[in-house]
Amino acid sequence: MVIDDNFYMSLALREAWKYQGLTYPNPAVGCCVVGEYGEILAVEAHHRAGEPHAEVNALQQAYYKLTNDSYILALKDSADIHTHLLTNHNDIFKNAKLYSTLEPCSHYGKTPSCANLISELGIKEVYIGSNDTNKKAANGSMILSMNNCMVYSEILKKECDALLYPFQKSLESRFVFFKWAQRLNGTTDGGTISSSVSRKQVHAMRDVCDLLVIGGGTVREDRPTLDARLVDGKAPDILILSRKSDFDRTIPLFSVEGREVFIEDNLEKIKEYKNIMIEGASKMYALTRDIVDYYLSYIAPSLGGEESIKFEDDKFAFLNVDKESEDIITWMKRMDR
């Protein structure tokens, strides 16, 4: 293994993918801070909209590692972390390097500017994967350069652009992803498949998605709730794709407060939303194939069931493969997309 700029950026990428689908309306971003001798001081990511950005989380951890000042770990608000770092850094970052999958932000929104923080900490080298196309946050590189920081762009650009794509797509129109769970033999039926950790992650995605699409047959058979109760989150609106509208209204999903439920025989409703998750199996895969941007699969270490998704001749490219305590989690895109 070669320890170079690509290696450090790959660490930031890998961490960021753990939060893909969880940061909307913000992008998933990863950051790696490297010390004077090439040692890894921190690898962090942006966890949730409104919370500290990846660079702030990474600098917080790096500061603790260099100073053993545990007070900073108790700080949760981004502005508080900024203030503590700026007041107490004592030039400990002057020989550090920072790797970010996305250009550090230039503006002061829900959190202060990351580009200003990096500049004021005296970091002299910053490596960026994707440039920020969001006009509100762009031009962080210019701020860095104007403050005697060397900026190196397009490090693993293709991989970083793939990470950023859901955010960019939601800005331009809408991002649609298809989620399913399967066993080792590919089956998707027969009750609960994925682990409790994976199910909690899916609930966190429901908490931030605008619309969840599901098939009428699944609603009738499984009688789901389709909320985000495992993370105490909000329930998304529901589009039930069905030619028939006669549903038993005691099915739990119909009685969740604060949501709208639509029953349609087409997908026109998704045009009113920005971040759409589709849950289903073979039939839903075929019906939504032309509108899905990314696919998310949870593969459980078990066997059983009878039905599996029929992908026909479709081929996929792996964007990221990760593993939690039990399941393998894979983000993919179709090769023809």
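Predicted model: local features only at pLDDT ≥ 70, side-chain atom pairs only at ≥ 80, totals over all residues.
Local features were required to have pLDDT of at least 70 and side-chain atom pairs pLDDT 80 or more, whereas totals for chains, interfaces and linings use all residues. Residues are numbered from 1 along each chain as its sequence is written, and side-chain values use heavy atoms, with hydrogens and water left out.

A cavity is a set of points, on a 1 Å grid over the protein atoms alone, where a 1.4 Å probe fits but cannot get out; lining residues have an atom within 4 Å of a point. Grid points are joined across faces, edges and corners, and a volume is the space filled by probe spheres set on the points.

The largest cavity has a volume of about 130 Å³. It is lined by 14 residues, of which Gln20, Tyr24, Pro166, Phe175 and Asn275 are the closest to its centre. Helix H6 (157-172) and strand E6 (175-182) are the elements that give two or more residues to this lining, and H6 provides the largest share, three residues. Helices (H or I, at least four residues) and strands (E, at least two) are DSSP runs, numbered from the N terminus. The lining of the largest cavity comprises eight nonpolar, six polar and no charged residues; Ala, Val, Leu, Ile, Met, Phe, Trp, Tyr, Cys and Pro count as nonpolar, Asp, Glu, Lys and Arg as charged, and the others, Gly among them, as polar.

The second largest cavity has a volume of about 70 Å³. Its lining includes Trp17, Gln20, Met205 and Trp331, and by class has four nonpolar, three polar and two charged residues.

Aromatic pairs number 17, where rings of Phe, Tyr and Trp (its six-membered ring) pair if their centres lie within 6.5 Å, and planes under 30 degrees apart count as stacked, over 60 as edge-to-face and the rest as tilted. Tyrosine 8 and tyrosine 99 form a tilted pair, 5.2 Å centre to centre with 40 degrees between the planes. Tyrosine 8 lies in helix H1 (residues 5-17) and tyrosine 99 in strand E3 (residues 97-102), so the pair ties together parts 91 residues apart in sequence. Both tyrosine 8 and tyrosine 99 are buried, that is, under 20% relative accessible area, with exposed over 50% and partly exposed in between (1.4 Å probe, protein chains only). Phenylalanine 178 and tyrosine 295 are likewise tilted, at 5.8 Å and 45 degrees.

Notes:
1 Å grid on protein atoms, 1.4 Å probe; cavity = no way out; pocket = protein on both sides within 12 Å on 5 of 7 lines; lining within 4 Å.
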